[in-house]
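Colleague: I'm new to this one and could use a hand reading it. Could you walk me through it?

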Amino acid sequence: MKQFADHIIRFRWLVIALVSLLSLGAVYVLKDGMSINSDVSTSLPDSDQAARLLKDIGDEFGGNTMGLVGVEAKNVLKPGVIRDIARITDSLKYDTLVSSVVSLTNIIHIQGGDFGISIDPLVKPGQLPETKAELDSLTKIVFGNDMYKGVIVSNDTTMALIMFTIRAGVDESKAAKLLRNKIEGMHLDERLYFAGSPYLVIGISDLIAHDLKRLIPISLLVILLVLWLSFRSFKGVFLPVLTAGMAILWTLASMKMLGFELTMISDNIPIILLAVGSAYTIHVVNRVGIMIAAGRKKAVAEAVKLVAVPVLMAALTTIVGFLSFVLGAYLKMIRDFGIFTALGVMFSLILSLTLIPAILSFVGNKSAKANREKKAKTNFIRGKLLQPLFYVLKERPKLIVTIWIILLLFGIGGSFRVHRNVNMVDYFKKGNPTRVAEKKLRDKLGGTEVVYVEFTGNVQSPGFLKTMKKTETYLKTFPYISQPQSVADLIEQMNEVMGEGKKIPSNAKKIQQLWFLLDGQDIMKQLVNSDLTKAVIDARFSSGNSDDMHAFVNAMNSYLKNHKSNCCKVEFSGMPSVYSHMDTSLLYSQFSSLLLALVLVIFIVALLLRSFKSGLMAIVPIVATLVVLFGVMGLVGIPLDVATVLVASTSLGIGIDYSVHVLNHLKQVQQAGKSGDEAVADMLQITGKAVVINMVSVAAGFLVLMLSDMVPLIHFGLLVALSMLCSGMGAITLLPLIWKKSIQTKNIKS
Amino acid sequence: MKKIAFSLMGFFFFVWVWPQRAYTQNAEEILRKVDQVLYASKDEQSHLKIILTDKNGRQSERQAVIKQKGNTMRLFRFTAPAADAGISFLSLPKNVMYLYLPAFGRERRIASHVRNQKFAGTDFSYDDMEAKLLEVKYDPVILKQDENKIILKLIPKPGVQSEYSKTELTLDAHYFYPVSVDYFDRTGRKIKHTDYIFKKIGNYWNAFKITMKDLRTGHQTQLVSTDVKYDQGLSDSDFSVRALTR
C-alpha cells in the first residue's frame with residue numbers, strides 16, 4: 001500500500017490528466033443524452049415461456065401491444081359521440097403504425113333473418129345512426145350481445161372503448177405517442193383516456209426523465225449540505241462530490257458505450273452513487289486532514305496507506321451487495337442495475353484512492369477555524385448521542401437487547417404480511433393521468449391487460465374449434481376476465497345464421513365455407529394467423545391484484561395440463577402470465593441475491609479481518625436490519641416490487657461497512673491492550689462518530705428518492721434510508737455487546 | 001358503385017365501338033357510351049383467376065367461373081381452391097343477391113345493407129359483384145377531355161348508397177373503355193385505385209386484367225379473365241336460385 005500511495009503522489013500530474021481525459025471522453029459519449037427503456041417486458045429473460053409466447057403472438061397476429069382509448073361522455077350512444085368514435089376509429093384504421101382497430105363503429109356484427117344474412121360492421125360506414133329509432137336499435141343490439149356490452153360500451157353508457165394493436169416491428173412507445181397526439185389533435189368534445197401497456201411504458205419513461213432532471217440536483221444539494229455540516233471546508237464538500245460526479249459520468253458513459261439504456265431501476269444509479277460514492281473520499285479527506293502536520297505530500301501518502309484497506313473493504317462489500325443481483329436477478333433490468341452500480345462504486349473507489357490524494361497533495365492544510373468547527377460538531381454528536389449511548393451500553397445492556405428483541409419480534413411479525421406487487425399501474429402516484437385512465441378502463445370496460453390462449457394446429461378442423469370454444473367457456477368462469485373472443489365464436493354465429501344452430505359444425509367442409517365468408521374481415525387478422533396454423537382467444541383481465549393474477553394463471557395452467565387435446569397444442573400467455581412470472585421471480589431474486597450477498601460478505605469480512613467469527617458477527621446488525629426492514633414493509637404495506645426487491649441487498653452492501661469499521665476498531669484497540677468498556681468507549685468516540693455521520697448522510701441521500709414520481713422509488717428511498725439508520729445503530733449498539741460477550745466467553749474458557 | 005360496374009363488367013362484356021372523338025359530347029352521353037362498351041354482348045361466360053396480394057407481398061389465389069346476362073344478372077361460382085369450390089353468388093335485378101354454400105346444401109339471401117362490404121377477402125365489395133349500368137348509379141361531370149382520354153367525375157345519384165363520395169374515371173377517348181378509376185372517401189381522400197387492361201375479343205372490348213389496390217391497407221386484388229365466350233344464348237333459368245344450387 002505504501003508503494004501504491006507513493007506512486008500516486010509521484011505521478012499525480014499524470015493521474016489528474018488521465019482522469020480529466022477520461023471524464024472529457026465520458027462527457028463526449030453522453031453529449032446526446034441516454035435513451036430510456038421503461039418496457040418491463042423487454043427485461044424478461046428469453047427463457048421465459050410466457051414472454052416468448054407473447055412475442056410470438058405479436059409476430060403472428062400483427063402485434064401484441066394493445067393501446068386502448070376510452071371515450072367518455074354523458075351518453076356515448078348519441079350521434080355526436082358515435083361520429084367522433086368513427087373519426088378516431090378511421091384515423092387509426094388506416095394509420096401505418098396500427099395493425100388493427102376495434103370499436104363501436106367497426107366491430108363485426110353477424111346477423112341472420114328474413115332480410116337475409118349479413119356480416120358487417122355494427123355501425124355501417126356512412127350510415128351513422130341519427131334518428132331516435134336508429135339509436136334505439138343500436139342500443140338494443142349493444143346491450144343484447146355479450147361481445148359489445150361492458151366491452152365496447154360501458155354498462156352505464158358513459159364510456160366507449162377503442163382498442164388498437166400497434167404493428168409489430170415499430171417503436172411502440174413512439175407509435176403510441178404519435179397516435180395519442182393525432183387523436184388529441186382532433187379536439188373532440190369527449191374526454192379521452194389513453195391506457196394499455198404502450199401508455200404505461202410512455203408514462204413511466206416520462207416519470208424517469210422527470211425524476212432524473214429533478215432528483216439529481218436535489219440529491220446533490222442534500223449531500224452538499226450534509227458534507228458542509230460535517231466538514232465545514234471546501235475540500236470536505238467539493239472533493240466527495242467531485243468523486244461521485246465523475247463516477248456517475250463514467251458509469252453512464254460505460255452504459256451507453258455498451259449499448260445499455262436507462263430503465264426504471266437504473267435511473268436511480270446516479271442518486272445511489274451520489275450517496276454512496278462520496279463516502280470513500282470523505283474517509284480519505286478526513287484521514288489526510290489528521291495527517292497533514294507531517295508535511296503535505298508525505299502526509300497524503302501516509303494517509304492513503306492507512307485508509308486504503310478500510311476503504312477497499314467497504315467498497316468491496318458494497319460492490320458484492322450490488323453484484324449479487326447479477327446471479328440472483330430474473331429481470332435483465334435488475335441485473336444491469338447491479339452490474340453498473342457495482343461498476344460505479346468501483347469507479348468511486350478508484351477515484352478516491354487516486355485522484356483525491358493527487359489533488360490533496362497540491363492543496364493546503366485545513367484551517368484552524370474548520371478544525372474548531374468540526375470539533376464542535378463532533379462534540380455535539382459525542383455529547384448528545386454517543387456518551388449517553390455508552391452509558392446505556394455499559395450500565396443497562398439489557399435495555400439495548402430488549403429494544404432489539406422487540407424490534408425483531410415486530411419485524412418477524414410484519415414480515416409475514418409482506419405482499420408482492422408487479423402491477424405497473426401502481427408505480428404511478430394517485431391522480432397521475434395514466435393511473436386514472438387505467439382505473440377508469442378497468443372499472444368500466446373490463447381492464448387493459450391482454451390475455452391470450454394460443455392454439456396451434458389445423459385451425460379449420462372441428463376438433464380445433466371445439467377445443468377453443470371449451471377453453472373459452474372455462475375462461476369465462478373467472479370473474480376478472482372480460483368477454484373473451486375467438487374465431488370459434490364467429491364460426492358459431494355464422495353457423496347459426498346458416499340455420500344450423502349456434503355451434504361449431506362437425507363437418508370441416510362447412511367450417512371452411514363459413515370461413516370463406518369471414519375472410520377479409522378486419523377482426524380475422526387479430527384472431528387467426530395468415531397460414532391458418534394458429535389462432536388465439538383474445539381476452540382482457542381486469543384485476544391489478546397480484547394474488548388474483550397468480551390464482552388465474554395457476555388455474556389456467558392446471559386446466560390446460562389436465563385438458564390436453566389431440567387436435568392442437570394449447571399455450572397460455574398475456575400480461576397476467578408475465579406479471580405472475582415476474583412476481584414469482586421477485587421472491588427468487590430476493591432470496592438468491594440476499595443469500596449470495598450474505599455469504600460473500602461473511603467471506604470478505606472474515607478474510608480481511610482474518611477471523612471467521614468476525615465475519616459472522618459483522619452480519620448480525622445486517623440480519624437484524626433486514627428483519628426490521630421486512631417487518632416495516634409488512635406493517636406499513638410497502639410491497640415487494642421491482643424496486644423494493646433491491647433494498648435488502650443494497651442495504652447489506654452499504655450497511656455492512658459500519659460493522660466492518662466497528663469490528664476493525666475494536667480489534668485494533670484490543671490489540672493495543674484496551675478491553676471491555678474501555679475499548680467500546682474508544683470505538684464510539686472515533687469510529688462511532690464516523691458511523692453516525694455516514695449513516696445520516698447516506699440516509700439523507702436516499703431520502704431524496706422520496707420526492708420521486710414513481711411509487712416504487714419512493715419506497716426504495718425510504719427503506720434504504722431506514723436500513724442505513726438501522727444497520728448503523730445496530731453496529732454501534734448490538735456489535736459492542738456481542739463483542740464484549742465473546743471476549744468474556746473466551747476469557748472464561750482460557 | 002362505379003368501381004363495381006367497371007371492374008366486373010370489364011370481364012364479362014365487351015362492345016364494339018366505332019372509334020370516334022368525344023370532344024363534342026356531354027358527360028351523360030359519354031357515360032352512356034361506356035355502359036354500351038361494358039354491356040355490349042347479350043351474355044358472357046369466362047374463367048376468372050383472382051390473385052390476392054397483401055402489403056407484405058404474400059399471395060393467394062382463387063378461381064371462379066362467371067356467367068352474365070344483360071346488365072342485371074350475374075352468377076359467380078368458385079372453382080378453386082378445393083375448399084371453396086361450389087360457393088356461389090347470384091346477383092339479380094332490384095338489389096337481390098343470393099349466396100350458396102354447397103356444404104350446407106342451401107342458399108341464403110344476402111342482406112342488402114352489406115353491399116358495401118368486402119367480397120370474399122378481395123378488395124371488391126358485394127356491390128361490385130352486381131351488374132348495373134353506370135348511368136343508373138352516377139351523375140357524371142367531365143373533368144378533362146382531350147384527344148386521347150376523358151376524365152369523368154362520378155357522383156352517386158341521390159338515394160344510391162355508396163362508401164365513396166366520388167370516383168374519377170379515366171376513359172380511352174377513342175373506344176370509351178375505362179383505363180383507370182380513383183375512389184375517394186367522404187373526406188375527399190383517395191382510398192382505392194384500379195387499372196384496367198382491355199383487349200378486343202371478336203367484336204367486344206374485354207377487360208382481361210383488372211388490378212384494384214386499397215391505398216389504405218396496401219392490399220391488392222388482381223382479376224385475370226380467360227376462356228371468354230360471348231353470346232352463348234344463356235337463358236334466365238341459368239340465373240335462378242335453382243341454378244345457383246346446382
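Modeller: Leaving out residues up to four places away in sequence, Val487(A) touches Leu465(A), Met468(A), Trp515(A), Met524(A), Leu527(A), Val528(A) and Ala535(A). This is a predicted model, where local features need pLDDT of at least 70 and side-chain atom pairs count only at pLDDT 80 or more, while totals for chains, interfaces and linings use all residues. Residues are numbered from 1 along each chain as its sequence is written, chains are lettered from A and ligands numbered from 1 in the order in which they are written, and side-chain values use heavy atoms, without hydrogens and water.

Colleague: Which residues have the most contacts inside the largest nonpolar core?

Modeller: In soluble globular proteins, nonpolar side chains tend to be buried together. A nonpolar core is a set of buried Ala, Val, Leu, Ile, Met, Phe, Trp, Tyr and Cys residues joined through side-chain atoms within 4.5 Å; buried means under 20% relative accessible area, with a 1.4 Å probe and protein chains only. Here the largest core has 304 residues, and Val487(A), Phe552(A), Phe702(A), Phe78(B) and Phe89(B) have the most contacts inside it. Another core, of ten residues, lies apart from it and includes Val96(B) and Tyr100(B).

Colleague: What about chain B as a whole: how much of it is buried?

Modeller: Buried residues make up 55% of its 246 residues.

Technical notes. Buried < 20%, exposed > 50% of the residue type's maximum accessible area, 1.4 Å probe, protein only. Contact = heavy atoms within 4.5 Å.
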